[in-house]
Amino acid sequence: TNGQIAEYKDAFAIFDRDGSGSIESWEIKRVLNLQAAGASRRREMSDDDILDMINKANPNIDGNTMLTEADFVAMMAEAEYNEFFREAFAALDEAGNGWVPASSITDLMREFNEESDVMSDINMLKMMKRFDIGEEGHIDYEAFVNLMMSTSGTGA
């Protein structure tokens with residue numbers, strides 16, 4: 001949303017202490033390590049961790065050591081999207097096994113479908129067959145994300 005983008009831009013300004021319009025790796029490390037010092041379970045990030053993060057945000061520039069505001073906003077939006085999926089999966093994986101029964105996903109999708117009529121049962125079952133459901137009938141986090149991404153468009 002526009003509000004989230006504004007928040008990400010405000011956060012960018014916190015990192016961009018020198019006002020250059022880009023965030024150097026040392027600026028990112030400084031802010032993240034300050035946060036880590038105040039948190040009980042966080043570890044300090046190494047130079048390699050920071051560079052990996054920058055290069056994931058903008059893989060088009062090999063050896064990149066800085067983020068532009070656009071890179072930063074995209075990185076933050078992706079992180080929030082990933083957090084949404086982690087929280088949704090954790091809600092289904094109450095036992096913390098790292099997997100959920102595929103039947104739970106199917107039941108949830110049927111319940112959702114009754115409210116919004118997104119897709120037919122036949123299309124839902126076809127879609128489920130495309131994803132990595134183990135012999136035990138389990139679906140892991142990665143397969144869950146792939147499944148949710150496929151349903152966020154027009155449906156299977």
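Q: In what order do the elements of the chain run from the N terminus on?
A: Happy to start with the fold of this predicted model. The chain holds 7 helices and 4 strands. Read from the N terminus on, its elements run α-β-α-α-β-α-β-α-α-β-α.

Q: What share of the residues in the chain is buried?
A: A residue counts as buried when its relative accessible area is under 20%. The chain has 156 residues, and the buried share of them is 27%.

Q: Among contacts between residues at least 6 apart in sequence, what percentage join residues at least 24 apart?
A: Contact here means heavy atoms within 4.5 Å. Taking the contacts in the chain between residues at least 6 apart in sequence, the part that joins residues at least 24 apart is 48%.

Q: How do the axes of helix 1 and helix 4 lie: parallel, antiparallel, perpendicular or oblique?
A: Let's look at the two axes together. Helix 1 covers residues 2–15 and helix 4 covers residues 69–92, and their axes come within 9 Å, crossing at roughly 120 degrees. Angles of 65 to 115 degrees count as roughly perpendicular and those over 145 as roughly antiparallel. The relation of helix 1 to helix 4 is therefore oblique.

Q: Which hand does the crossing of helix 1 and helix 4 have?
A: The two axes cross at roughly 120 degrees. For helix 1 and helix 4, the crossing is right-handed.

Q: How many nonpolar residues does the contact of helix 1 with helix 4 have?
A: On the helix 1 side, the residues are Gln4, Ile5, Tyr8, Lys9, Ala11, Phe12 and Phe15, and they meet Glu69, Phe72, Val73, Met76, Ala77 and Glu80 in helix 4. Sorted by class, this contact of helix 1 with helix 4 has 3 charged residues, 1 polar residue and a nonpolar count of 9.

Q: What span is expected for helix 4 at 1.5 Å a residue?
A: Helix 4 has 24 residues. From its first C-alpha to its last, helix 4 reaches 35 Å, which is close to the expected 34 Å.

Q: Is aspartate 71 buried or exposed?
A: Aspartate 71 has its place in helix 4. Leaving aside neighbours within four places in sequence, aspartate 71 is in contact with Ala57 and Asn58. Its C-alpha is also separated by 9.3 Å from that of serine 22, 49 residues apart along the chain. With a relative accessibility of 13%, aspartate 71 counts as buried.

Q: Is aspartate 16 buried or exposed?
A: You will find aspartate 16 in the loop between helix 1 and strand 1 (22–24). Not counting residues up to four places away in sequence, aspartate 16 touches Gly21, Ser22, Ile23 and Glu27. Its relative accessibility is 9%, so aspartate 16 counts as buried.

Q: Is glycine 63 buried or exposed?
A: Glycine 63 is found in the loop between helix 3 (47–57) and strand 2 (66–68). The C-alpha atoms of glycine 63 and aspartate 52, which are 11 residues apart along the chain, are separated by 9.3 Å. The cut-off for exposed is over 50%. At 51% relative accessibility, glycine 63 therefore counts as exposed.

Terms used: Residues are numbered from 1 along each chain as its sequence is written. This is a predicted model: local features need pLDDT of at least 70, side-chain atom pairs count only at pLDDT 80 or more; totals for chains, interfaces and linings use all residues. Side-chain values use heavy atoms; hydrogens and water are left out. Axes are lines fitted to C-alpha atoms, for helices over the stretch in contact, and angles run from 0 to 180 degrees between N-to-C directions. Helices (H or I, at least four residues) and strands (E, at least two) are DSSP runs, numbered from the N terminus. Angles under 35 degrees count as roughly parallel, over 145 as roughly antiparallel, 65 to 115 as roughly perpendicular and the rest as oblique. A crossing is left-handed if the near helix is turned anticlockwise from the far one by less than a right angle, and right-handed if clockwise. Ala, Val, Leu, Ile, Met, Phe, Trp, Tyr, Cys and Pro count as nonpolar, Asp, Glu, Lys and Arg as charged, and the others, Gly among them, as polar. The expected span of a helix is 1.5 Å times one less than its number of residues. Buried means under 20% relative accessible area, exposed over 50%, partly exposed in between (1.4 Å probe, protein chains only).
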